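Have a look at the picture before reading on.

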Amino acid sequence: MESVSDRPLAVVTGASSGIGRELARCCAEHGYDLVIAADQPEIAQAAQELESKGGKVEWVQADLATEEGVSRLVQAVGGRPVDALLANAGHGLGHAFLEQDFAAVRHVVDTNITGTIDLIQRLAAPMVARGKGRILITGSIAGFLPGSFQAVYNGTKAFIDSFSFALRNEIKDSGVTVTCLMPGATDTEFFERAGLLDTAVGQGKKDSAAEVAKIGFEAMLKGEGDVVSGWKNKLQVAVANVTPASVLAEMHRKQAEPGSAEKKADKKAEKKTGKK
Ligand SMILES: NC(=O)c1ccc[n+]([C@@H]2O[C@H](COP(=O)([O-])OP(=O)(O)OC[C@H]3O[C@@H](n4cnc5c(N)ncnc54)[C@H](OP(=O)(O)O)[C@@H]3O)[C@@H](O)[C@H]2O)c1
């Protein structure tokens, strides 16, 4: 369906909840029309809410881990000029790698990597041909850490963080910028979906999705290369850059191993009673 609007157009994936929903809200509040996508029917409700901001919002329910799902989203865009592409859809998968169901593992890779770069290639090429546009990709500070008990997810984010910088460099003279948003632990449905609720990171303090999205959206508008949201996460990245991978993997185990939330709470209690 072709839009008759002269407002700029933003495409946001993973817009039914969490960071993506807030990114879509930022776009709506900044005068963009929207094409939003997610896998579950909740995307229709998100569209309804976003429409109250005044713009036109179209929604696509598609599994972006599949070529067919990506094609459905591209068809919905229908050749219209895309001013902003926010490739955000993604999900995690906790527990030990050898115990994970491989279909679930594949879905993480196909969503976070294959579907994401397929969509970017198909929509960024016309943006570059037009010489104008903004791309925001949701990576993660997880990309800096070997993710014991979330090994595949962290690997996908290492790919995305790296890919984002490479693409930015390749198209640096095109008028299209690429920005990588690298959040730390953020309060969304991510941890429940990944089966990480009984972990220290799952139970720990988290950033607000609205704040993370705002930081990412503003960086995208400015055309910045990357943005790590929050000073604690910035510190974590600085530490990760000078720490051996084996040490980082052990640190990650303490955060993401099943039952680590309880272990952490027990240690805290022991410390308290020890002091008395
Ligand atoms: N939360 C964190 O701590 C954190 C930290 C760093 C980076 N991130 C990244 O931030 C992004 C957004 O995650 P979130 O934290 O906002 O989690 P969330 O609340 O679970 O949102 C994830 C969004 O992605 C969509 N999605 C996932 N797989 C999909 C698929 N195969 N096809 C279509 N849509 C799919 C979900 O839609 P459905 O429910 O319909 O599948 C949902 O809209 C992800 O890339 C994640 O890796 C999150």
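Which elements each supply at least two residues of the lining of the second largest cavity? They are helix 4, strand 5 (133–138) and helix 5. Helices (H or I, at least four residues) and strands (E, at least two) are DSSP runs, numbered from the N terminus. A cavity is a set of points, on a 1 Å grid over the protein atoms alone, where a 1.4 Å probe fits but cannot get out, and lining residues have an atom within 4 Å of a point.

Before we go further, remember that this is a predicted model, in which local features need pLDDT of at least 70 and side-chain atom pairs count only at pLDDT 80 or more, while totals for chains, interfaces and linings use all residues. Residues are numbered from 1 along each chain as its sequence is written, and side-chain values use heavy atoms, with hydrogens and water left out.

The second largest cavity is lined by residues including Lys157 and Ile160. The lining of the largest cavity includes Thr13, Leu64 and Thr111, and helix 4 gives the largest share of that lining, 4 residues.

Thr111 also leads us to the ligand: an N or O atom in the Thr111 side chain is 3.0 Å from a ligand nitrogen atom. For Arg193, a side-chain N or O atom is 2.8 Å from an oxygen atom of the ligand. A polar contact is a pair of N or O atoms within 3.5 Å; within protein, one must be able to donate a hydrogen and the other to accept it, and residues adjacent in sequence count only if both atoms are side-chain atoms.

Methods. 1 Å grid on protein atoms, 1.4 Å probe; cavity = no way out; pocket = protein on both sides within 12 Å on 5 of 7 lines; lining within 4 Å.
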